[in-house]
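Thank you all for coming.

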Amino acid sequence: MTVASLIAKYDQRVPRYTSYPTAPHFSAGVTPDVHAAWLGSLPDDGALSLYLHVPFCASLCLFCACHTTVVHRLEPLVAYGKTLEAEIALVADAIGRTLPVRHIHWGGGTPTILPPAVMHAIMQRLRTRFAVQPDAEIAVEIDPRTLSDEGIDGLARMGTTRASLGVQDFEPSVQQAINRDQSLELTASCTAKLRAAGIGSINLDLIYGLPRQTTPGVIDTVTQALSLAPDRAAVFGYAHVPWMKKHQALIPEASLPGPQERFAQRQAVEDTLTGDGYQAIGLDHFARPGDSLAIAAAEGRLRRNFQGYTTDDAPTLLGLGASSIGALPGGYVQNHAGVPAWRNAVRAGSLPTARGFALSDADRLRRHVIEQVMCHMAVDLRVAAARFGADPASLMDAAPALQTMQRDGLLTWNGYALHMTPKGRPFVRAAAAAFDSYLQAGAARHSAAI
Ligand code: SF4
């Protein structure tokens with residue numbers, strides 16, 4: 001089968017599986033009371049991971065699919081910080097003990113749009129209410145266009161260990177089409193200052209499939225990005241979902257590369273990065289061989305959560321801030337997406353939980369299988385089922401889709417053990433989807449698989 005026919009057959013709209021079940025299946029049945037009960041029953045010895053969402057940016061990039069709005073005034077940022085501090089107290093009260101924290105991830109939006117004093121106060125609140133471990137990873141997503149020297153100093157003082165810089169594409173005509181003007185020089189200067197401040201681990205985010213992007217242009221961008229010697233690169237396909245993100249409708253469909261061109265761009269990015277010695281991790285991450293993500297992948301410890309591929313193996317992820325999602329042993333919880341609803345709940349002394357999903361034993365098994373496929377490009381259903389005391393036969397509804405993918409040369413499948421082939425690697429989401437019990441039931445439309 002040619003690549004063109006494979007793309008036509010498998011370029012379905014499927015989830016990226018940063019959770020299972022995926023967020024469109026969450027419901028209001030998971031209330032603040034349910035969330036509080038799940039928090040109260042967290043194990044004493046289980047480490048936590050924290051995600052803080054800051055839904056503000058200085059300007060809107062047209063491709064963006066994040067929960068964010070443009071803010072130019074200080075007052076809503078300071079108010080947001082105060083509410084976040086109050087939410088931290090509510091969550092810690094519901095837990096009722098001081099549990100250890102190994103990972104903290106600030107995402108957005110643009111977390112560094114908060115004044116350094118606000119970020120510092122939030123970190124102080126976290127350190128007061130949780131046992132943040134001395135070697136905890138503290139990762140912050142950064143927009144290099146707006147990060148001041150004072151902001152870099154603030155990040156260093158609050159113990160930031162990893163900075164994730166949005167780059168997307170360095171070609172001026174592409175930047176114009178996505179409303180994001182960001183030169184290589186500015187990005188290089190920001191990277192150098194972060195390193196000089198002691199923030200040693202640098203991740204760059206790149207995107208293919210953007211308007212006006214071409215394969216040679218994407219190779220140019222990756223080559224320029226490599227001149228910054230990032231420790232990791234995350235490379236995402238642009239998800240054009242204007243029915244969910246209205247501003248994306250400002251991107252003319254005709255300016256977007258088609259599925260085959262997207263595929264070629266993706267391959268060119270991978271070839272350029274791996275040609276420079278980076279190791280491909282999962283579907284869309286790349287890391288230097290000595291990086292902790294590459295080591296975790298080599299040792300079979302790679303995990304996948306809402307931030308993508310991670311070394312974070314904490315059994316509980318707590319989400320803080322508007323729209324944030326947490327993953328607890330009991331299931332998933334999501335906060336109100338709008339800042340007013342989130343703030344009003346916190347002010348009323350209630351967890352700002354809007355919806356979630358209570359996991360069944362069958363969900364937990366499928367979640368594990370899907371994570372294995374997404375992280376390791378392989379799974380043995382007998383091993384996976386044994387871990388959950390289940391019968392692998394309960395997963396065999398996936399067999400027809402897997403057999404079809406095997407006939408197309410995308411994976412090998414002996415009835416239990418599944419391995420993606422090199423040719424099948426870009427289609428791994430389709431293999432994961434074979435185990436998704438909810439996919440057909442969902443009305444949600446996801447982004448293209450490739
Ligand atoms: S891509 Fe980043 S900076 Fe641009 S609007 Fe989205 S969150 Fe904000």
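When I speak of the axes of helices, I mean lines fitted to C-alpha atoms over the stretch in contact, with angles that run from 0 to 180 degrees between N-to-C directions. The helices themselves (H or I, at least four residues) and the strands (E, at least two) are DSSP runs, numbered from the N terminus. Please keep in mind that this is a predicted model, in which local features need pLDDT of at least 70 and side-chain atom pairs count only at pLDDT 80 or more, while totals for chains, interfaces and linings use all residues. Residues are numbered from 1 along each chain as its sequence is written.

Let me begin with helix α2, residues 32-40, and helix α3, residues 75-95, which pack at an angle of about 60° with their axes 7 Å apart. That angle makes α2 oblique to α3, because angles under 35 degrees count as roughly parallel, over 145 as roughly antiparallel, 65 to 115 as roughly perpendicular, and the rest as oblique. On the α2 side the contact is made by A36, L39 and G40, and on the α3 side by V91, A94 and I95, where two residues are in contact if their C-beta atoms, placed from the backbone, lie within 7 Å. By class, this contact of α2 with α3 has five nonpolar residues, one polar and no charged; here Ala, Val, Leu, Ile, Met, Phe, Trp, Tyr, Cys and Pro count as nonpolar, Asp, Glu, Lys and Arg as charged, and the others, Gly among them, as polar.

How do α3 and α4 lie to each other? Their axes come within 9 Å and cross at roughly 5°, and they are therefore roughly parallel. Among the residues that make this contact are L77, L84 and I88 of α3, together with A121, I122 and L126 of α4. The contact of α3 with α4 divides into ten nonpolar, one polar and three charged residues.

Staying with α4, which covers residues 116-129, we find R127 in this helix. R127 is partly exposed, with 15 other C-beta atoms within 10 Å, since a residue is buried if 20 or more other C-beta atoms, placed from the backbone, lie within 10 Å of its own, exposed if 12 or fewer, and partly exposed in between.

Next, some backbone details. A cis peptide bond, with omega about -5°, joins Y20 and P21, and P21 lies in the loop between α1 (3-10) and α2. That loop between α1 and α2 also holds Y17, whose phi is near 50°, a positive value in a residue other than glycine; Y17 is buried, with 23 other C-beta atoms within 10 Å. The peptide bond from G108 to G109 is cis too, with omega near 20°, and G109 sits in the loop between β4 (100-108) and α4.

Finally, the overall layout. The protein chain is divided into domain 1 (18-320) and domain 2 (360-442), with bounds that come from an automatic or database domain assignment. Across the boundary, 13 residues of domain 1 are in contact with 13 residues of domain 2. On the domain 1 side, α9 (259-275) and β11 (303-305) are the elements that give two or more residues, and the residues of that side comprise seven nonpolar, three polar and three charged.
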